[in-house]
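Here is a note for a colleague who is meeting this structure for the first time. Please read it with the pockets in view.

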Amino acid sequence: MTYLLPPLNALRAFEAAARHLSFKQAAHELHVTAGAVSQQVRLLEERLGVQLFERRTRQIILTSAGETYLARVREAFRCLAEATAELKPEGVTSLLHIGLHASFAIDALRARLAQFRRAEPQLAIRISQPAGLHELLEGKVDVVIADRVQRCPGYKCEPLQSGFLIGPLGTADCPEIETLRSCLLGDVEHARPAAPRAPLAASAARPARRPSKPFFSA
(Lines give C-alpha, C1' and ligand atoms only; values in the text may rest on other atoms or scores of the structure.)
Protein backbone atom coordinates (compact mmCIF):
# COMPACT_ATOMS: atom_id res chain seq x y z
CA MET A 1 0.00 0.00 0.00
CA THR A 2 1.32 3.43 -0.93
CA TYR A 3 0.78 6.21 1.60
CA LEU A 4 0.13 9.75 0.41
CA LEU A 5 2.15 11.68 2.96
CA PRO A 6 3.35 15.29 3.09
CA PRO A 7 7.14 15.85 3.30
CA LEU A 8 8.59 14.96 6.71
CA ASN A 9 10.52 18.24 6.93
CA ALA A 10 7.27 20.15 6.52
CA LEU A 11 5.65 18.12 9.30
CA ARG A 12 8.64 18.70 11.60
CA ALA A 13 8.49 22.43 10.90
CA PHE A 14 4.75 22.50 11.61
CA GLU A 15 5.05 20.53 14.87
CA ALA A 16 7.91 22.67 16.17
CA ALA A 17 6.19 25.93 15.21
CA ALA A 18 2.95 24.77 16.83
CA ARG A 19 4.76 23.80 20.04
CA HIS A 20 6.57 27.14 20.32
CA LEU A 21 3.90 29.22 18.57
CA SER A 22 6.86 30.88 16.91
CA PHE A 23 8.57 30.33 13.57
CA LYS A 24 11.74 31.88 14.99
CA GLN A 25 12.02 29.58 17.99
CA ALA A 26 11.11 26.57 15.86
CA ALA A 27 13.92 27.59 13.50
CA HIS A 28 16.47 27.63 16.33
CA GLU A 29 15.37 24.19 17.46
CA LEU A 30 15.60 22.76 13.93
CA HIS A 31 18.80 24.68 13.13
CA VAL A 32 17.36 26.43 10.09
CA THR A 33 16.16 29.96 9.39
CA ALA A 34 12.76 31.28 10.42
CA GLY A 35 12.05 31.88 6.75
CA ALA A 36 12.69 28.21 6.00
CA VAL A 37 10.23 27.13 8.72
CA SER A 38 7.61 29.59 7.45
CA GLN A 39 8.08 28.34 3.90
CA GLN A 40 7.78 24.68 4.94
CA VAL A 41 4.58 25.41 6.85
CA ARG A 42 3.19 27.37 3.89
CA LEU A 43 3.96 24.48 1.55
CA LEU A 44 2.25 22.09 3.96
CA GLU A 45 -0.84 24.31 4.07
CA GLU A 46 -0.93 24.42 0.28
CA ARG A 47 -0.54 20.64 0.12
CA LEU A 48 -3.37 20.10 2.60
CA GLY A 49 -5.57 22.88 1.28
CA VAL A 50 -6.22 24.27 4.77
CA GLN A 51 -4.78 27.06 6.90
CA LEU A 52 -2.95 25.69 9.95
CA PHE A 53 -1.88 28.99 11.53
CA GLU A 54 -3.45 32.39 11.88
CA ARG A 55 -0.62 34.84 11.30
CA ARG A 56 -0.73 38.01 13.36
CA THR A 57 1.81 40.76 14.04
CA ARG A 58 4.77 39.03 15.76
CA GLN A 59 2.54 36.09 16.67
CA ILE A 60 1.09 32.92 15.18
CA ILE A 61 -1.94 31.05 16.49
CA LEU A 62 -3.16 27.59 15.57
CA THR A 63 -6.45 27.45 13.72
CA SER A 64 -9.00 24.82 14.72
CA ALA A 65 -7.81 22.70 11.80
CA GLY A 66 -4.22 23.18 12.96
CA GLU A 67 -5.05 22.05 16.50
CA THR A 68 -6.76 18.91 15.21
CA TYR A 69 -3.92 18.12 12.82
CA LEU A 70 -1.26 18.76 15.49
CA ALA A 71 -2.71 16.11 17.79
CA ARG A 72 -2.55 13.48 15.03
CA VAL A 73 0.93 14.53 13.89
CA ARG A 74 2.27 14.26 17.45
CA GLU A 75 0.68 10.83 17.77
CA ALA A 76 2.39 9.75 14.54
CA PHE A 77 5.75 11.15 15.68
CA ARG A 78 5.37 9.28 18.97
CA CYS A 79 4.74 6.02 17.12
CA LEU A 80 7.80 6.61 14.95
CA ALA A 81 9.94 7.37 18.01
CA GLU A 82 8.77 4.21 19.76
CA ALA A 83 9.40 2.08 16.67
CA THR A 84 12.89 3.58 16.33
CA ALA A 85 13.66 2.97 20.00
CA GLU A 86 12.72 -0.69 19.63
CA LEU A 87 15.43 -1.11 16.98
CA LYS A 88 18.22 0.16 19.23
CA PRO A 89 20.41 -2.13 21.39
CA GLU A 90 18.80 -3.32 24.61
CA GLY A 91 19.09 -0.76 27.37
CA VAL A 92 19.93 2.15 25.03
CA THR A 93 17.30 4.51 23.66
CA SER A 94 19.24 7.67 22.95
CA LEU A 95 22.56 9.51 22.96
CA LEU A 96 23.04 12.81 24.78
CA HIS A 97 25.91 14.83 23.34
CA ILE A 98 27.21 17.37 25.87
CA GLY A 99 29.47 20.22 24.82
CA LEU A 100 31.95 21.47 27.40
CA HIS A 101 33.69 24.83 27.45
CA ALA A 102 37.47 24.64 27.12
CA SER A 103 38.02 26.06 30.62
CA PHE A 104 36.11 23.27 32.39
CA ALA A 105 38.07 20.38 33.89
CA ILE A 106 36.41 17.11 32.92
CA ASP A 107 37.59 15.48 36.14
CA ALA A 108 35.54 17.98 38.16
CA LEU A 109 32.37 16.80 36.39
CA ARG A 110 33.12 13.09 36.47
CA ALA A 111 31.16 12.33 39.67
CA ARG A 112 28.13 14.40 38.60
CA LEU A 113 28.00 12.80 35.16
CA ALA A 114 28.38 9.34 36.69
CA GLN A 115 25.35 10.15 38.86
CA PHE A 116 23.43 11.18 35.75
CA ARG A 117 24.40 7.93 34.04
CA ARG A 118 22.99 5.95 36.98
CA ALA A 119 19.78 8.01 36.92
CA GLU A 120 19.38 7.65 33.13
CA PRO A 121 20.81 4.21 32.22
CA GLN A 122 19.01 4.22 28.87
CA LEU A 123 21.08 7.22 27.73
CA ALA A 124 24.59 7.04 26.38
CA ILE A 125 26.71 10.14 27.00
CA ARG A 126 29.24 11.76 24.71
CA ILE A 127 31.40 14.67 25.83
CA SER A 128 32.96 17.11 23.34
CA GLN A 129 35.54 19.64 24.49
CA PRO A 130 36.06 22.37 23.52
CA ALA A 131 32.51 23.13 22.44
CA GLY A 132 30.30 26.15 22.92
CA LEU A 133 27.32 28.05 21.62
CA HIS A 134 28.59 27.82 18.04
CA GLU A 135 28.57 24.01 18.12
CA LEU A 136 25.13 24.05 19.79
CA LEU A 137 23.66 26.31 17.10
CA GLU A 138 25.08 24.05 14.39
CA GLY A 139 23.50 20.98 16.02
CA LYS A 140 26.83 19.30 16.78
CA VAL A 141 25.93 18.97 20.50
CA ASP A 142 22.60 18.74 22.35
CA VAL A 143 23.48 20.96 25.32
CA VAL A 144 26.45 23.05 26.39
CA ILE A 145 28.05 23.64 29.78
CA ALA A 146 29.47 27.16 29.45
CA ASP A 147 31.62 29.28 31.76
CA ARG A 148 29.50 32.42 31.41
CA VAL A 149 26.00 33.59 30.51
CA GLN A 150 25.32 33.36 26.78
CA ARG A 151 21.94 34.52 25.51
CA CYS A 152 20.54 33.45 22.17
CA PRO A 153 16.91 33.56 20.95
CA GLY A 154 15.33 30.13 21.08
CA TYR A 155 17.79 28.84 23.69
CA LYS A 156 17.68 28.65 27.47
CA CYS A 157 20.68 29.54 29.66
CA GLU A 158 20.42 28.35 33.29
CA PRO A 159 22.91 28.82 36.14
CA LEU A 160 24.71 25.87 37.70
CA GLN A 161 26.90 25.80 40.79
CA SER A 162 29.77 26.55 38.44
CA GLY A 163 28.92 27.75 34.95
CA PHE A 164 25.72 27.62 32.92
CA LEU A 165 23.70 24.96 31.10
CA ILE A 166 22.50 26.02 27.65
CA GLY A 167 20.03 24.11 25.47
CA PRO A 168 17.25 24.66 22.91
CA LEU A 169 13.94 25.81 24.39
CA GLY A 170 12.21 22.87 22.73
CA THR A 171 14.21 20.32 24.74
CA ALA A 172 15.43 22.30 27.77
CA ASP A 173 12.57 21.03 29.96
CA CYS A 174 12.51 17.41 28.82
CA PRO A 175 12.95 14.82 31.63
CA GLU A 176 16.49 13.84 30.59
CA ILE A 177 17.75 17.43 30.60
CA GLU A 178 15.96 18.09 33.90
CA THR A 179 17.80 15.11 35.39
CA LEU A 180 21.12 16.30 33.98
CA ARG A 181 20.52 19.74 35.48
CA SER A 182 19.68 18.21 38.87
CA CYS A 183 22.84 16.10 38.84
CA LEU A 184 25.03 19.03 37.86
CA LEU A 185 23.50 21.03 40.71
CA GLY A 186 24.04 18.15 43.12
CA ASP A 187 20.30 17.95 43.69
CA VAL A 188 20.11 14.19 44.23
CA GLU A 189 16.47 14.21 45.34
CA HIS A 190 15.27 15.39 41.93
CA ALA A 191 17.38 12.93 39.96
CA ARG A 192 15.25 10.07 38.69
CA PRO A 193 16.06 6.63 40.15
CA ALA A 194 18.09 4.29 38.01
CA ALA A 195 16.40 1.33 36.34
CA PRO A 196 17.85 -2.16 36.93
CA ARG A 197 19.92 -2.24 33.76
CA ALA A 198 23.58 -2.52 32.93
CA PRO A 199 25.53 0.77 32.89
CA LEU A 200 26.45 2.37 29.61
CA ALA A 201 29.72 3.57 28.24
CA ALA A 202 30.16 7.23 27.49
CA SER A 203 32.87 8.75 25.41
CA ALA A 204 34.73 12.02 25.18
CA ALA A 205 35.88 13.92 22.17
CA ARG A 206 38.46 16.65 21.70
CA PRO A 207 37.81 18.67 19.66
CA ALA A 208 34.04 18.44 18.97
CA ARG A 209 34.45 17.07 15.44
CA ARG A 210 36.92 14.30 16.21
CA PRO A 211 35.89 11.72 18.87
CA SER A 212 38.77 10.26 20.83
CA LYS A 213 39.26 7.84 23.74
CA PRO A 214 36.38 6.81 26.05
CA PHE A 215 35.55 9.12 28.94
CA PHE A 216 33.70 6.48 30.95
CA SER A 217 34.04 2.75 30.57
CA ALA A 218 31.38 0.15 31.31
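How much space lies in the second largest pocket?

1. The second largest pocket holds about 240 Å³ of space. A pocket here is an open set of points, on a 1 Å grid over the protein atoms alone, where a 1.4 Å probe fits and protein lies on both sides within 12 Å along at least five of seven lines, and lining residues have an atom within 4 Å of a point. Points are joined across faces, edges and corners, and the volume is the space filled by probe spheres set on them.

2. This is a predicted model, in which local features need pLDDT of at least 70 and side-chain atom pairs count only at pLDDT 80 or more, while totals for chains, interfaces and linings use all residues. Residues are numbered from 1 along each chain as its sequence is written, and side-chain values use heavy atoms, with hydrogens and water left out.

3. Among the residues that line the second largest pocket are L5, P6, Y69, R72 and F77. Helix 4 supplies the largest share of this lining, six residues (helices are DSSP runs of H or I, at least four residues, and strands are runs of E, at least two, numbered from the N terminus).

4. The largest pocket contains about 1,300 Å³ of space. Of its 33 lining residues, R19, E29, A81, S94 and T171 are the closest to its centre. Elements that give two or more residues to this lining include helix 1 (8-20), helix 4 (64-87) and strand 3 (94-100), and helix 4 gives the most, with seven residues.
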